[in-house]
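Please find below a colleague's note on the model under review.

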Amino acid sequence: MKGFEVTMRFVDEFRQPELISKAAEEIRRLADPGRHYRMMEVCGGHTHAIYRFGLKDVLPSNLELIHGPGCPVCVLPMGRIDDGLAVAQQPNVIFAAFGDMMRVPGTQGSPLEHKARGMDVRIVYSPADALKLARTNPEKHVLFFAIGFETTAPSTALTILRAKAEGIKNFSVFCNHVTIIPAIRAILDSPDMRLDAFIGPGHVSTVIGCRPYEWIAQNERKPIVVCGFEPLDLLQSIVMLLRQLKAGEAKVENQYKRVVPWEGNRAALRAMSEVFQLRSYFEWRGLGFISQSALRIRDEYAEWDTEQRFSVPGVRVTDPKAAQCGEVLKGVLKPHQCKLFGRECTPEHPIGALMVSSEGSCAAYYNYEHRKMATANILIQTA
Amino acid sequence: MCLAIPGKIIEIASDNPESALIDVVGVRRRVDLGLLQDDRPVPGDWVLIHVGFAMSKICEQDAKEQMETLKMLGESEAALQEVSGYGLDDSITD
């Protein structure tokens, strides 16, 4: 019972060890040994948590977790970074972005490398702070490089509304906000992807609620459980999914009720629909062009839209040939199966965005799984 | 990116009902309450914060659990760094 020893070592480190043990046992009881289960965790935060907690060690070997597209930095095509930086090359422009963006490589280097070459690049923790930069630097134009799913998009929307209300004209948003549902649809439509169930994103759902997932259950007949970020949350959600699969059901369930209201946040959705509209299509790294999968700024707010105010090159860049980010993003390859993983591409020198963000599956795999395996190899060699 | 940070509302600006002073384990910063206009919080309430905006009201117990979650994820320092960074302190402009 080697697996069980691993389980016990695992649970000791966390809260509610008895409940974790129980949930792990329940998963083993529910999982049909004659069946192979493939469950996708949509959210990058879950991917990070799964590797950090070593959840694979407590799951039966016939239950596979597939990492989904829910890491906003990872799905952004390199051309968009080049476009944003191209506008920021102009004189008197400040390029403001979240810290996650700073090391993401563009064709001519990351925002941080552009800063080293003299570009005015600032880390902000909130879009409101990018607006504050515009207020305090009236002689400059502040470009906020906006990324994120529905968790972050309402804050950008509200910031644009605030800029309008205050009449701040030296501020614009380079909008790269994407929406989660079309990405899930694209994955379900992909012919090389077979999935049994979904672990639904937690914080995106605080905004959109649980209803937008109903088509996955009703039309695609796949169970989905909106899930929190602790080991117990993840294991409980897997139990809920297995119970549905066993009963032949497909429902939307909410395991993360303590944070996610079924109806979402209407004020946030209102702000989004006031400022944004769906783009007819948008390119996703690894997934290609997906229709109605991203947000653009409405014409009424054109003054705060980088793409309407400036001439944006509209660069399309194919990923480095050897890098297999696309296959990893779609869950077709595991991170370590990419030819560059851990050799040319590491968190210190990332080639693809999946290696940059802590929510990217390559960085998560590298930081936890890869290091653990390296340590184990050393132990074997020295034994 | 996906960090949701629990904080307690200390006071709401008298001249701006959508600006609140919040406390996250001792770090105090201003956050925007505009996304909670349908269910306005009052001082003493707990909220989840994401990129400088309160996203949802939660109870004190859930706030404590959320902080534990961040600790477990190894992200409590990043969360505090984020909160400290709201308002663009000099320390974070690099």
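Predicted model: local features only at pLDDT ≥ 70, side-chain atom pairs only at ≥ 80, totals over all residues.

1. Chain A as a whole. Chain A holds 16 helices and 13 strands. Its radius of gyration is 22 Å, close to the 21 Å that the globule rule gives for 383 residues, so chain A is as compact as a globular protein of that length. The C-alpha trace of chain A spans about 70 × 50 × 40 Å along its principal axes. Of the 383 residues in chain A, 52% are buried. When contacts in chain A between residues at least 6 apart in sequence are considered, 75% join residues at least 24 apart.

2. Chain B as a whole. Chain B comprises five strands and two helices, arranged from the N terminus as β-β-β-β-β-α-α. With a radius of gyration of 13 Å, close to the 12 Å that the globule rule gives for 94 residues, chain B is as compact as a globular protein of that length. Its C-alpha trace spans about 35 × 35 × 20 Å along the principal axes. In chain B, 46% of the 94 residues count as buried. Of the contacts in chain B between residues at least 6 apart in sequence, 41% join residues at least 24 apart.

3. Contact between the chains. Chain A contributes 40 residues to the contact and chain B contributes 30 residues. On the side of chain A that touches chain B, at least two residues each are supplied by α3 (44-52), α4 (72-75), β4 (120-123), α7 (127-136), α8 (153-166), α10 (203-208) and α13 (266-275) of chain A. Sorted by class, this side of chain A has 18 nonpolar, twelve polar and ten charged residues.

4. Domains of chain A. The domain assignment divides chain A into domain 1 (2-70 + 181-254), domain 2 (74-178 + 294-309) and domain 3 (325-382). The contact between domain 1 and domain 3 of chain A takes 16 residues from domain 1 and 13 residues from domain 3. On the side of domain 1 that touches domain 3, the elements giving two or more residues are α3 and β2 of chain A. The largest share of that side, six residues, comes from α3(A). By class, the side of domain 1 of chain A that touches domain 3 has six nonpolar, eight polar and two charged residues. Helix α3 of chain A is also among the elements that supply at least two residues to the side of chain A touching chain B.

5. In soluble globular proteins, nonpolar side chains tend to be buried together. Here the largest nonpolar core has 150 residues, of which A:Met39, A:Ala96, A:Leu143, A:Phe145 and B:Ile49 touch the most other members. Helix α12 (residues 231-247) of chain A provides the largest share of this core, nine residues. Residues up to four places away in sequence aside, A:Phe145 touches A:Gly84, A:Phe95, A:Ala96, A:Ala97, A:Met101 and A:Phe174.

6. The buried side of α9(A). Which residues of helix α9 (residues 180-189) of chain A are buried? They include A:Ile180, A:Ala183, A:Ile184 and A:Ile187. These residues cover an arc of only 100° around the axis, which puts them on the same side of α9(A). An α-helix has 3.6 residues a turn, so residues three or four places apart point the same way. The cover over the buried residues of α9(A) includes β1 (37-43), β2 (63-70), α10, α11 (214-218), β11 (281-284) and β12 (288-291) of chain A.

7. A:Val226. This residue lies in strand β8 (residues 224-226) of chain A. Is A:Val226 buried or exposed? A:Val226 is buried, because 29 other C-beta atoms lie within 10 Å, and 20 or more are required for that class. Beyond its neighbours within four places in sequence, A:Val226 is in contact with A:Gly200, A:Gly202, A:Ser205, A:Cys210, A:Asn254, A:Gln255, A:Tyr256 and A:Val260. A:Val226 and A:Ala186 are 40 residues apart in sequence, and their C-alpha atoms are 19 Å apart in space.

8. A:Lys115. Helix α6 (residues 111-116) of chain A contains A:Lys115. A:Lys115 counts as partly exposed, with 17 C-beta neighbours inside 10 Å. From A:Lys115 to A:Gln244 the separation is 129 residues in sequence and 51 Å in space, C-alpha to C-alpha.

Note on methods: Residues numbered from 1 in each chain as written. Chains lettered and ligands numbered in written order. Contact = placed C-beta atoms within 7 Å. Helix = DSSP H or I, 4+ residues; strand = E, 2+ residues; numbered from the N terminus. Nonpolar A, V, L, I, M, F, W, Y, C, P; charged D, E, K, R; others polar. Rg over C-alpha atoms; globule rule 2.2 N^0.38 Å. Buried ≥ 20, exposed ≤ 12 C-beta atoms within 10 Å, placed from the backbone. Arc of directions from axis to C-beta. Core = buried A, V, L, I, M, F, W, Y, C linked by C-beta atoms within 7 Å. Domains from an automatic or database assignment.
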